[in-house]
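Please read them with the structure open.

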Amino acid sequence: MLSKEQLYEALVEGGGVTREEFMKAAQSRSAKTKGIDSVLVSDGSLTEAQLGQLVASWFGVRHFDPAQTKPQDDVILLVPEAFARKKHLLPISQTEDSVVLAVTNPHDVTLQALLEKYLRREVVFYYSTEREILSNLFLFQKDPKVAFKNILEGADLNSDDSDGVVVKLVNAIFDYSYQTRTSDVHIEPEDEFTQIRFRIDGILQDIAEFPKKIHDPVITRLKVLSKLATDEKRAAQDGRISYTNDFGDKIDIRLSIVPTTNGEKAVMRLLAAKTRQFSLTDLGLSEAHFELFKKAIKKPWGMILVTGPTGSGKSTTLYAALKVLNKREVNIATIEDPVEYDVDGISQIQVNPKTNLTFAKGLRSIVRQDPDIIMVGEIRDGETADISVNAAMTGHLVFSSLHTNDAATAFPRLKDMGVEDFLVSSTILVVIAQRLVRRICLNCIKSVNISEQELKTINHLPHLKKYFSDVTGKKSLSGIRVFHGQGCKICKNTGYKGRTGIFELLAVTDEIREAVMSNKDADQVKEIAVKQGMSTMLFDGVQKILTGETTLEEVLRVTQE
């Protein structure tokens, strides 16, 4: 890890950030725990790739960017996974005479000598940031079907050792779901077997089938871990599990168990670990949206709303904003259900119906805690809406989320909750509507001519056709190039790897305020916003289709109501 002085040389003297940006990051409360480089990436001063290039240049070696180039298939297992995690290294390529690895310290001659002795070849180091390496260690993972099969093979589930098999199996489910960035795990009893499904990048995928006789022991193990009643099988139960894997990664899991006709079904929501990065630059905001959002969150008071259905990335957007604002000189407090990500330096309150700690009651208490910035996980009722709006009116910057289909609908939604027109129009600064789409896998991406079926779909949707014509500058779309993932080992033959957001950002202007005060409906407010330059989610999606970030199929999947 570079010292502060070395990092200054690499980033400031290297021309990546200004001295003011560097010193501001160095003095932030997160710098001691996360590092100055992490703060600079989180606040949007640098991208991860720019950071990697600057530090690699300082070291005098090449930078390896895993987002652009993937390691060779036959090289990843040259070193054990545990060693790669411990030493923060990633094998990249090999020849008969040498092996190239990405490391966080290319000047570590002791590590280089150790690897040359182990691999019996010359070792060449490239530089990658710690986050670039750790986010790609999933390449070590084996097929979970094979791993689960190996655990169960030859096991006698009626013996005294059966508990050990169940423990290994449950731990393996946790490990593989974490490694594949799964958001939800479904354990579903069928007539003759138990189906395991992972929701990866928003899509449920069949992972494995277990013998039916293992189902009840697995459910019992989950109940024990979450301190639920093991003898209760006829009622729904909710609990939480905290699991730490062999590499010290903490996984927080929210468990829901419900009785079905075939047995108890368990669904687990995996919540991000404390170390997860939230960067505004990683959200997928266009340059124009990014600048508008950054300007809005720097306001001293007012309300910023993020809207969209469940699973559209609202919490991630809110946390990314909070991380930018998380400085020693401000007091930030949140009220959430649940607290999804732990953030150092922020007071986070968990809603608890058992103690009558609701959003409204928690928010009333927060306002008396001298906050500068407040985040309300979700505005669900009139009382919470009223307190939030009044907090924004009285000198606080308030962030929250709403379940609406687009940005303009947020205004009538709040009015339906009983908030006065003049309060709604005078407190809201910006409304962001968003959806998550799967990214095309960069390892197997291919440029192709737009298909006849895609052209037919576009021609049937007038708005979509207009947006494609506006972006491409062509009236006839025949022959334009789009992108698809062919499917490979890295993306599990889906053609997609990871997700990005598509957004519409409605900045509240005087004309918008007047429309809200005049009881104009959502469509009229949206029309005014578009005339003033607002890009709709569908337009943002078209831009991302044509730049190779996602596909038409994905954009229509999340935008067609």
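1. Domain bounds here come from an automatic or database domain assignment. For the protein chain this assignment gives domain 1 (144-271) and domain 2 (287-439 + 498-537). The C-alpha centres of domain 1 and domain 2 lie 35 Å apart. Seven residues from domain 1 and eight residues from domain 2 make the contact, where contact means heavy atoms within 4.5 Å.

2. A word on the source: this is a predicted model, in which local features need pLDDT of at least 70 and side-chain atom pairs count only at pLDDT 80 or more, while totals for chains, interfaces and linings use all residues. Residues are numbered from 1 along each chain as its sequence is written, and side-chain values use heavy atoms, with hydrogens and water left out.

3. Domain 1 and domain 2 bury about 650 Å² between them, 47% of it on carbon and sulfur atoms. Buried area is the accessible area (1.4 Å probe) that two parts lose on being put together, summed over both. On the side of domain 1 that touches domain 2, the residues are two nonpolar, one polar and four charged. In this division Asp, Glu, Lys and Arg count as charged, Ala, Val, Leu, Ile, Met, Phe, Trp, Tyr, Cys and Pro as nonpolar, and the others, Gly among them, as polar.

4. How many salt bridges are there between domain 1 and domain 2? The count is zero. A salt bridge is a side-chain nitrogen of Lys or Arg within 4 Å of a carboxyl oxygen of Asp or Glu.

5. The whole structure has 17 salt bridges. One of them joins the side chains of Lys 223 and Glu 264 (2.9 Å, N to O). Lys 223 is in helix α11 (residues 215-225) and Glu 264 in strand β9 (residues 263-271), 41 residues apart. Helices (H or I, at least four residues) and strands (E, at least two) are DSSP runs, numbered from the N terminus.

6. Two backbone details deserve a look. Most residues other than glycine have a negative phi, and most peptide bonds are trans. Asp 201 has a positive phi, near 55°, and lies in the loop between β5 (193-200) and β6 (203-211). A cis peptide bond, with omega about 0°, joins Asp 337 and Pro 338.
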